[in-house]
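User: I'm new to this one. Could you take a close look at a single part for me and walk me through what's there?

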Amino acid sequence: MLIVALPIAALVWQSKHDGWSRFWTDITSQEAVAALKLTLAVSALAALANAVLGTITAWVLVRDDFRGKSLVNAVIDLPFALPTIVAGLVLLTFYGPNSPVGIHAAFTRYALFLALLFVTLPFVVRTVQPVLIELDRDMEEAARSLGAGEFAVFRRIVLPNILPGILSGVTMAFARAVGEIGAVVLITGNIPYKTEVASVYIFNQIESNNPTGAAAVAVLLLTISFLVLLGVGGIRRLATRHERA
Amino acid sequence: MSISVRHVSKKFGTFTALDDVSIDVEAGSLTALLGPSGSGKSTLLRVIAGLEVPDSGSVFIDERNMTGRPPQQREVGFVFQHYAAFKHMTVQDNVAFGLRIRKRPKAEIEERVKQLLALVQLDGLAKRFPSQLSGGQRQRMGLARALAVDPAVLLLDEPFGALDARVRKELRTWLRRLHEETQTTTVIVTHDQEEAMEVADEVVVMNRGKVEQVAGPRDLYEHPANEFVMTFVGQANRLGDAYVRPHDVSLVLEPNGATREAMIERIVHLGFEVRVELVREDGEPLSVQLTRDDAERLELERGQIVYVRPTKQTTFAN
Amino acid sequence: MNARKLVLRFVAVGYLAAILVAPLVFVFYRTFAHDSSSVWSALRDPDTIHAFKVTLIAVAIAVPLNTIFGVVCALAIVRRRFPGKGIVNAFVDLPLALSPVVVGFSLYLLYGRLGWFGHWLLAHGIQILFALPAIVLATIFVSVPFVAREVIPTLREIGDEQEQASYTLGASSWQTFWRVTLPSIRWAVIYGVVLTTARCLGEYGAVAIVSGSIQGKTETATLRVQEEYENLNFAGAYGISLMLALIAIFVLVLMTTLRPKEATA
């Protein structure tokens with residue numbers, strides 16, 4: 001427990017080291033802002049992309065059946081099992097300068113997007129799957145018997161019930177993407193103002209002996225993490241409100 | 001091994017589960033704790049077992065003060081409504097558990113387990129896992145497991161509640177026979193008054209944390225102490241201030257001075273007995289129980305007007 | 001209806017293939033088809049071997065520690081009432097939402113020369129940062145949640161009736177834990193251990209900061225991949241990556257077979 005609490009405390013303390021005004025200048029320095037903007041934007045995009053694709057994948061895994069389905073199910077956990085640096089290298093090989101499919105995305109923002117897609121892929125799938133499995137099919141059948149078409153059934157019956165699952169998956173995915181470093185450090189080239197993400201910026205600030213500057217941005221990331229945790233907890237409570245008397 | 005509970009009270013937050021409860025259970029008897037949900041019967045059982053700690057009061061088992069002692073030291077056998085089977089152990093390992101904890105020699109354990117499995121008629125299933133057994137079998141295993149350590153008292157918490165009606169009835173009879181054989185002091189919690197009447201030597205009727213009456217099944221039925229016991233144990237019609245049992249109503253086709261008019265709403269044929277549901281002059285319902293023969297003789301029909309008179313009624317002073 | 005199903009299937013499988021499978025398969029193919037010999041020799045580089053050793057030590061320490069902590073934590077959270085339970089729960093989950101760089105950095109602040117413990121450590125000649133202890137600490141920090149998060153729902157679902165039965169049969173708390181509780185959660189624990197190990201093996205960001213990446217001393221396998229790549233020693237980078245990928249696939253197989261069984265719709 002202390003292992004977790006103490007370092008966080010030290011971090012917050014360091015960021016205030018030279019006072020609030022310094023904190024402000026640190027996080028509004030041009031490079032920091034650029035890095036933060038990029039990180040937040042692309043992370044959100046990746047999380048949302050995986051919200052859609054992840055839901056589709058979960059749907060296919062739960063409702064469909066075909067040969068090799070269990071293999072597909074297993075593959076989804078690859079981003080959890082594979083070291084992020086290896087993931088970055090693998091993506092670089094396939095989508096980089098010597099790409100066999102002619103895509104040369106290395107050192108661009110597309111590379112960043114790809115890398116974040118990779119690391120956030122399992123989140124929504126794995127949060128939506130159990131909800132879909134538990135879903136009472138009777139509700140859908142009742143809706144159909146009352147005349148609802150397939151899309152209406154999905155929109156009015158299925159979606160509201162899996163929404164908490166999607167939301168918690170997206171939030172965790174977002175938090176993961178915002179903090180990612182291993183997968184992006186090779187493939188993006190870490191070009192400041194272009195493809196430098198917040199985590200790399202922090203790393204660089206530490207190397208350049210600017211711990212306070214690094215701490216300021218780090219605290220920002222920390223706040224995002226806390227907000228995410230609160231958000232997920234809140235979503236969980238919201239989701240179970242139907243079950244409590 | 002007698003049980004003595006003295007002035008036990010227990011609250012859960014603002015809910016009073018037990019309110020100054022005192023009972024005595026005679027050694028070697030089979031006593032039922034009977035009551036609706038929330039009456040405190042399960043809580044009382046768990047207090048006796050040491051699984052709940054009362055806010056005040058004391059518990060004696062075999063005249064030794066067990067208040068404050070954990071369940072391990074009380075030598076009670078406990079059987080749970082949902083079996084609490086050790087899912088990762090075989091049937092024989094489940095039954096042997098208590099003996100293994102007491103470090104009995106292996107040969108003794110094997111022998112005892114075999115004995116018990118035969119007693120509960122599970123021999124042949126020793127190597128199976130609980131998930132491979134039916135509910136009734138799992139509960140019999142639970143009983144064998146509790147009996148394995150020769151407990152001073154056997155406590156059963158709605159043991160047949162999770163089973164279907166037919167199995168419940170079978171196991172009821174079986175439990176009574178088991179008790180006659182082992183003579184262990186037994187306390188069973190149930191909300192099913194038929195079960196309590198059929199199985200127990202003595203019944204403790206509880207309601208809202210208090211004891212309403214303690215008596216044998218017959219006394220309970222014929223001489224209920226108050227309104228609650230009368231209506232909870234057996235059926236009772238309310239006629240003004242008085243209560244009348246359905247079989248204590250005389251039903252005739254012609255009025256005489258003492259009878260009142262009533263209309264038949266429904267006739268329910270329950271095998272040997274026939275239940276006639278009527279509506280009285282004042283609009284209140286009345287339930288009358290007749291034998292099949294009597295009902296046939298009267299040739300009753302829906303909508304028919306008949307005349308009723310209670311042959312016995314009970315009133316309670318308030 | 002059938003066309004819709006096929007389209008969805010195609011989208012899902014195609015997506016996974018494009019992002020996950022194809023790149024990984026391609027890397028295997030390219031390495032073994034073209035560069036296998038240089039890869040093998042690169043793997044025998046003493047610094048590389050040392051990097052694997054460092055990773056293994058970190059895993060060997062972090063996994064058992066976090067397993068014990070996870071089980072204890074789960075038991076406390078599920079079976080006991082105490083003030084601040086929500087905070088403990090949140091702290092256990094925190095490393096999941098936290099950037100590894102933030103983790104590494106806060107450790108750096110605590111144990112660095114100018115850090116909170118810096119003076120004390122320096123005075124006693126203990127080096128944490130830029131040495132093995134820091135790597136181990138960072139690895140422990142990031143892998144805290146996994147066992148606890150797997151055991152908690154399992155413990156909740158099982159309920160404590162079996163434990164109550166055990167007490168009435170005369171078993172002490174310790175005996176009950178060993179004979180009843182632990183066996184009933186063992187698959188959750190094992191699955192949690194697999195997840196923890198995978199996380200420890202793959203850690204990069206936090207150790208990148210606290211280790212100083214000193215070749216032959218404080219590099220982990222993951223740090224070595226980056227080091228080799230930046231030094232244009234691609235054979236080395238790919239070699240280590242391949243090893244790690246093979247381990248990852250093995251871990252994946254374990255995860256799949258051990259995953260808590262869910263019914264399919």
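Predicted model: local features only at pLDDT ≥ 70, side-chain atom pairs only at ≥ 80, totals over all residues.

Analyst: Let's start with what counts as an element: helices (H or I, at least four residues) and strands (E, at least two) are DSSP runs, numbered from the N terminus. Residues are numbered from 1 along each chain as its sequence is written, and chains are lettered from A and ligands numbered from 1 in the order in which they are written.

Chain A has 245 residues, and 51% of them count as buried (20 or more other C-beta atoms within 10 Å of a residue's own, with C-beta atoms placed from the backbone). Now for contacts, meaning two residues whose C-beta atoms, placed from the backbone, lie within 7 Å. Take the contacts in chain A with a separation of 6 or more: 79% of them come from residues 24 or more positions apart.

Chain C comes to 13 helices and zero strands. Its C-alpha trace spans about 70 × 65 × 30 Å along the principal axes, and 47% of its 265 residues are buried. Among its contacts between residues at least 6 apart in sequence, 76% join residues at least 24 apart.

Chain C also meets chain B: 14 residues of chain C are in contact with 20 residues of chain B. On the chain B side, strand S6 (76-79) and helix H2 (91-101) each supply at least two residues.

Definitions and conventions. Buried ≥ 20, exposed ≤ 12 C-beta atoms within 10 Å, placed from the backbone.
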